[in-house]
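Welcome! Work through these exercises with the model open beside you, and try each task before you read its solution.

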Amino acid sequence: MRVLVALGGNAMTAADGSARPRDQVEAITGAMEHIAELVAAGHDVVLTHGNGPQVGNLLVKNELAAGVVPPVPLDWCGAQTQGTIGFTMLDALEPALRRRGVERPTAALVTRTLVAEDDPHFREPTKPIGRYLSEDEARPMIEHGQQWEDRGEKGWRRVVASPEPREIIDLPAIRALVEAGHIVVAAGGGGIPVVRDADGSLRGVEAVIDKDLTAALLAAALGCDILIIATDVDHAMVDYGTPDERPLGFTSLAQMQSYAASGQFASGSMGPKVDAAMRFAQTGGRSIITSLAHITDAVEHEFGTVIDTSPED
């Protein structure tokens, strides 16, 4: 089967969230062991990943150097982190495959994702990114054209648009590599957000795209059988934090839509993952939300929260 695995931030940083270079290398090395296991089981695998901590690090550098050099735009931050994470993943994946007697070519692509310039999220940016600063510390960034909000006692925080992904611009290259047998890392961080001007040219914009929504779009475009959204829990939960809390196993698309409509999944945590999983299931594929350690179990034994169409859907 063809499986797209969307790796969350827990696969890129230490357990305590530390994102020093050595923390990232160690975390990615561990994550690639699980990916290699899935490949060794006979599945064609495509990878995408988050980049929040890495972009956060670049934003801190922007802030500290804003009085000396202009801040790097957010689309550039996305491109830089795609490259860094991509080559680090390949450097860890290739030996993990060899230890299992698997020889497969690999590739990492810096990937652009088209968004609409008139997406309503651009009018009212609400996605907070980076760290909190004092007003004085935020002022140089505001003067460089960034939008920051006063968040009360914690200080000021930058807010950006999070538009809907419309199209994977570099899909033909991704598809060609996948069809040629490569394990491909693509669309990291949701892809570099770009808009198309009237003359057809593309340009980057200051935004972040939800990586799971892009993963669902990419999985459908590549004809994947399964989308795995790898996170730090084995299952999505309903009635979370109450005495009735319970994990979800195999769940029809209709039932999951009902849970989502009733507000079961928080917008700041599981909500976007469930949304992406439902979108892919609507295309006829199977979506699974589970922990990184169980991705092979998820594919071969339906472990985790499995969202699929059923006859009554």
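Predicted model: local features only at pLDDT ≥ 70, side-chain atom pairs only at ≥ 80, totals over all residues.

**Exercise 1.** Does E302 count as buried, exposed or partly exposed?

*Solution.* Residues are numbered from 1 along each chain as its sequence is written, and side-chain values use heavy atoms, with hydrogens and water left out.

Step 1: recall the cut-offs: buried means under 20% relative accessible area, exposed over 50%, and partly exposed in between (1.4 Å probe, protein chains only). Step 2: E302 has 38% relative accessibility, so E302 counts as partly exposed. Helices (H or I, at least four residues) and strands (E, at least two) are DSSP runs, numbered from the N terminus.

**Exercise 2.** What is the phi of E302, and what is the phi of D239?

*Solution.* Step 1: start with the background: most residues other than glycine have a negative phi. Step 2: E302 is not a glycine, yet its phi is positive, about 55°. Step 3: D239 is not a glycine either, and its phi is positive at about 55°. D239 counts as partly exposed because its relative accessibility is 25%.

**Exercise 3.** Which residues does S287 touch, not counting residues up to four places away in sequence?

*Solution.* Step 1: find S287 in strand β16 (residues 286-291). Step 2: S287 counts as buried, because its relative accessibility is 0%. Step 3: list its contacts (heavy atoms within 4.5 Å): beyond four places in sequence, S287 touches L227, A277, F280, A281, T305, V306 and I307. Step 4: look for a polar contact, that is, a pair of N or O atoms within 3.5 Å; within protein, one must be able to donate a hydrogen and the other to accept it, and residues adjacent in sequence count only if both atoms are side-chain atoms. The side chain of S287 reaches the backbone oxygen of A277 at 2.7 Å.

**Exercise 4.** Which backbone nitrogen does the side chain of Q82 reach?

*Solution.* Step 1: Q82 belongs to helix α3. Step 2: with a relative accessible area of 5%, Q82 is buried. Step 3: leaving aside neighbours within four places in sequence, Q82 is in contact with H49, L109, V110, T111, A187, G188, G191 and I192. Step 4: the side chain of Q82 reaches the backbone nitrogen of T111 at 2.6 Å.

**Exercise 5.** How far apart in space are V233 and T290, C-alpha to C-alpha?

*Solution.* Step 1: V233 is in the loop between β12 and β13. Step 2: its relative accessible area of 32% makes V233 partly exposed. Step 3: V233 and T290 are 57 residues apart in sequence and 5.9 Å apart in space, C-alpha to C-alpha. Step 4: T290 is also among the residues that V233 touches beyond four places in sequence, together with M270 and S291.

**Exercise 6.** Which residues of the largest nonpolar core touch the most other members?

*Solution.* Step 1: a nonpolar core is a set of buried Ala, Val, Leu, Ile, Met, Phe, Trp, Tyr and Cys residues joined through side-chain atoms within 4.5 Å. Step 2: the largest nonpolar core has 37 residues, of which L4, I174, L218, L227, M256 and F265 touch the most other members. Step 3: elements that give two or more residues to this core include β1 (2-7), α6 (171-179) and α7 (211-221). The largest share, 7 residues, comes from α9. Step 4: take I174 as a close-up: leaving aside neighbours within four places in sequence, I174 is in contact with L109, T111, I168, V184, A186, L218 and L222. Step 5: there is also a second, separate core of 33 residues, which includes L7, L38, V185 and I226.
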